[in-house]
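Subject: The structure you asked about

Hi,

Here is the structure I promised to hand over. Have a look at it first, and then read on for what turned up.

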Amino acid sequence: MSKKNTDESGFEIIEKPEALAGQINKAEVFFLKNRKVLTGIGGAILVAVVAFAGYRFYIDGQEGTAQQALSSVVYDFEADSLSKALNGSGGNEGLLSIADNYKGTDAANLANFYAGVALLKQGKYDDAISHLESFSSSDLLVHARAQSLIGDAYLEKNQPAEAISYYKKASDYDKNEYFTPVYLMKLALAQEKANQAADAVASYKRVIDEFPLSSEVVNAKKYMGLLEGQVGK
């Protein structure tokens, strides 16, 4: 049996050229025995790569059309013409159509957010939740906003437990002095409605302690004072 040396990292080094040739021969034998399997795996990988490339080409082609459609309907949304924004008008596609017809594009993703807000304003809470849950964003502020809006929909549905879950998510994302206190106030309100007075006090206290310069502090102190009396009884 030939001896083997090791390099500085401890890996074995094949000492003789004929030993290296033996390793190559073993690889060739393995390939010949498993050629069909390996060829099938390689073909599957190739198909997957081609399919993904084709999908990206299709989505990229759709993106321009979707963005143009979205830019037209945003005017109706900003003008608070919610029905027109959702369903389209004057030959323009609405938010619902854009979200459905251009799935996978950034425009469709944003259309889900706008549609969720519009549906929430119309009191169609289940539909609003569905569209807002379909929205995703790498911008943590926008993502938190979507979570808060879902909480609003559940609170309107008189489901404070579900609202609490989403308000917690919103208040934990990318904490900042502008929006986090608002989410915490909503969280405390939902906790009150769920008869979780002690938790609500804790949420109000977070506003006071963590965001002392927030405009929400005055109300947080007032509501916390009222609740503390109830919790102490």
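Predicted model: local features only at pLDDT ≥ 70, side-chain atom pairs only at ≥ 80, totals over all residues.

Residues are numbered from 1 along each chain as its sequence is written, and side-chain values use heavy atoms, with hydrogens and water left out.

**The whole chain**

The protein chain has eleven helices and two strands. Here helices (H or I, at least four residues) and strands (E, at least two) are DSSP runs, numbered from the N terminus. Going along the sequence, the pattern is β-β-α-α-α-α-α-α-α-α-α-α-α. Of the 233 residues, 34% are buried; that word means under 20% relative accessible area, with exposed being over 50% and partly exposed in between (1.4 Å probe, protein chains only). As for contacts (heavy atoms within 4.5 Å), take those between residues at least 6 apart in sequence: 47% of them join residues at least 24 apart.

**Helix α7**

Back to Asp152, which lies in helix α7. With 17% relative accessibility, Asp152 counts as buried. Leaving aside neighbours within four places in sequence, Asp152 is in contact with Leu120, Tyr167 and Lys186.

The helix itself runs over residues 140-156, which is 17 residues. From its first C-alpha to its last, α7 reaches 24 Å, close to the 24 Å expected at 1.5 Å a residue (the expected span is 1.5 Å times one less than the number of residues). Twelve of the 17 residues are buried, so α7 is largely enclosed by the rest of the structure. Among those buried residues are His143, Gln147, Ile150, Tyr154 and Leu155. What does the covering of the buried residues of α7 include? It includes α5 (106-121), α6 (125-134), α8 (160-172) and α9 (180-193).

Both ends of α7 are worth a click. At the start, a side-chain oxygen of Asp139 reaches to within 2.9 Å of the backbone nitrogen of Leu141. Just after the helix, Asn158 takes a positive phi of about 60°.

**Rings**

How many aromatic pairs does a search of the whole structure find? Five. Rings of Phe, Tyr and Trp (its six-membered ring) pair if their centres lie within 6.5 Å; planes under 30 degrees apart count as stacked, over 60 as edge-to-face and the rest as tilted. One of the pairs is Phe113 with Tyr114, which is edge-to-face at 6.3 Å centre to centre and 70° between the planes. Phe113 also pairs with Phe135: their ring centres are 5.0 Å apart and their planes at 50°, so this pair is tilted. Phe135 counts as buried, at 7% relative accessibility. Ring pairs link Phe77, Phe113, Tyr114 and Phe135 into a cluster.

Phe77 has a charge over its ring too: the charged end of Lys121 sits 5.7 Å from the ring centre. The rule is that NZ of Lys or CZ of Arg is within 6 Å of the ring centre and within 35 degrees of the ring normal. The charged end of Lys169 likewise sits over the ring of Tyr166, 4.5 Å from its centre.

**One last residue**

His131 is in helix α6 and counts as buried at 16% relative accessibility. His131 and Asn112 are 19 residues apart in sequence and 5.0 Å apart in space, C-alpha to C-alpha.

Cheers

How values were computed
Polar contact = N/O pair within 3.5 Å; in protein donor to acceptor, adjacent residues only side chain to side chain.
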